[in-house]
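Please examine the sequence and the three-dimensional model shown below. The report that follows describes selected features of that model.

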Amino acid sequence: MAAYFARRHRPSNAVDLGDEAVCIYRNGVLVEANAAGLRLLTSRGGTETNWRALRRLLAERFPNFPENQGTVKDQDTTVLASLNSQDTDIVTIDQWQGVARVSVLNQKVATIEGPPVETEISLRAPYPIWICDSDGAVTWCNDAYHKFALSLGYLSSQEPPQIFDVPSQKPGPQPWRIGIAQQTKGLTHWFDVTAVSLKDGTVFFAVDANTIVGAEMAQRNIVQTLSQTFAQLPTGLAVFDRSRQLVLFNPSLTALTDLPPPMLSDHPTITAFFDALRESRIAPEPQSSLSWQAHVAAIIQSAEQGQYCETWELPSGKTYRVTGRPQPDGAIAILFDDISAEMSLTRRFRAEIDIAHAALDALDEPVALFSQSGEHLLCNHAYRSFWKADPDTSFATYTIHDATDLWASEVCDTPAWQDFRSAVLSKSSRQIWTGTLALRTFGLVDVALTPIAGGATLVKFRRSATRDVTLPA
């Protein structure tokens, strides 16, 4: 066998590895751990097993260990080395959505085939690990690296092959995403590779990223599908993920806000998004004494609760209805609707109502208007004064039945009144009716019932010219 395969076997003078401690967390709560992981958590006599308890155990040696799960990135692989060069433990944090796998692997310094002294990485590690010298040549690899090389078609050679095209950057905590093509199967294997400096070289850790890449590709496909779906909507749409970065927007958003697509494509944060709206004079200034930052924070909090819905009056004369709604996985959506035409129609309708009120108030004769269903619509000042009633201030719905009861309290019971009452309370289409009613206080009153457009009915009262009559008992 060639040297590259022989060097995978443990030499007689190698030091045994310590157990690998593994703890799995979901949203900061321990859900599973192996025996070594449980020993690690209870090593100082503590009983807590959450994320913060683990950090208290490791922060002294690994100060970059995250304070909270998922605060660095939602999808991330991080490898941490101890500040103490004599400490050979390495911490690996694999995070995906709300799950994090934390492993603490002990590396012990051993002499392999004489000097120089190298770091022996666990041959049982499930992911490829290898060491390169200062020239970039692979001087050692573990079982997983060896098996992966065989699957790619590499044969035995004097030295382990270099199968990962690692960038010529200095080692650091941020991993590189590297794809390895397997031509025979038409596949691409994805890894997140992290490098840690050694005295005479660099040790590399390649963590399987196929699941993450597949999920990212699926997410991008979903986003593209949603973008195509929402592209034709007139409503402007901006979706922010749980880290509050813009992940989806449609063309209507750029048309309504005048924000440039390149700016939106850079995935700005939600605060930067509102800052840009403010600079474009789209977002209104806070009306209270709150600062702009506090105002935006209040909008975000209200949107997270599904309670944000405001009308923005723009200096250009347009009116937008802006709504915030929570979405799955902690995301929120901000929707922009141009309601300028709707508001213009409402203002026009209100103006027409005001004009109709003013026109009716200008008449000296009492006039009341009822809908087809019998609900009171309008009455003028002369009506309120004549009948000593104001239906417009009624809390309950004021109907033609209520008006008829009011009129009956003053009108004498005559055949004319019975005819008028039947005509005005008719459930079918009302017909024109005119006649004279006798009132106990005012004498004779001429009444006209006139159907108008939309099924409405206009009832008009006018004092009769002949007032000196004998009223029935």
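Is Arg348 exposed or buried? With a relative accessibility of 56%, Arg348 counts as exposed, where exposed means over 50% relative accessible area, buried under 20% and partly exposed in between (1.4 Å probe, protein chains only).

This is a predicted model, in which local features need pLDDT of at least 70 and side-chain atom pairs count only at pLDDT 80 or more, while totals for chains, interfaces and linings use all residues. Residues are numbered from 1 along each chain as its sequence is written, and side-chain values use heavy atoms, with hydrogens and water left out.

**Salt bridges**

A salt bridge is a side-chain nitrogen of Lys or Arg within 4 Å of a carboxyl oxygen of Asp or Glu. By this rule the count is nine. The table presents three of these pairs.

| Pair | N to O distance |
|---|---|
| Arg61 and Asp89 | 2.9 Å |
| Asp192 and Arg177 | 2.3 Å |
| Arg348 and Glu352 | 3.5 Å |

Helices (H or I, at least four residues) and strands (E, at least two) are DSSP runs, numbered from the N terminus. In the salt bridge between Arg61 and Asp89, Arg61 belongs to the loop between helix H3 (51-58) and strand S3 (75-81) and Asp89 to strand S4 (residues 89-96), so the pair ties together parts that are 28 residues apart in sequence. Arg61 is partly exposed, at 26% relative accessible area, whereas Asp89 is buried, at 12%.

The salt bridge between Asp192 and Arg177 involves strand S11 (residues 187-197), which holds Asp192, and strand S10 (residues 176-182), which holds Arg177, so it ties together parts that are 15 residues apart in sequence. Asp192 is buried at 5% relative accessibility, and Arg177 is partly exposed at 34%.

Arg348 and Glu352 both lie in helix H10 (residues 340-361), four residues apart, about one turn of the helix. Glu352 is partly exposed, with a relative accessible area of 42%.

**Nonpolar cores**

A nonpolar core is a set of buried Ala, Val, Leu, Ile, Met, Phe, Trp, Tyr and Cys residues joined through side-chain atoms within 4.5 Å. The largest has 27 residues, and those with the most contacts inside it are Phe240, Phe273, Phe274, Leu277, Trp312 and Phe336. A second, separate core of 23 residues includes Cys379, Tyr383, Ile400 and Phe461. In soluble globular proteins, nonpolar side chains tend to be buried together.

Five strands form an open sheet in the order S19-S18-S22-S21-S20, with antiparallel pairing; two strands pair if DSSP finds at least two bridges between them. Strand S19 (376-379) and S20 stand at the edges, each with a single partner strand, so one side of each has no neighbour in the sheet. Strand S18 (residues 367-370) and S22 run antiparallel and are joined by four bridges. Val367 has Lys460 in S22 as its bridge partner.

In helix H13 (residues 415-424), the residues Trp417, Phe420, Ala423 and Val424 are buried. They cover an arc of only 130° around the axis, which puts them on the same side of H13; the arc is that of the directions from the helix axis to the C-beta atoms. The face turned away from this buried side carries the exposed residues Pro415 and Ser422. The buried residues of H13 pack against helix H12 (400-408), strand S20 (433-439), strand S21 (443-451) and strand S22 (457-463), where contact means heavy atoms within 4.5 Å.
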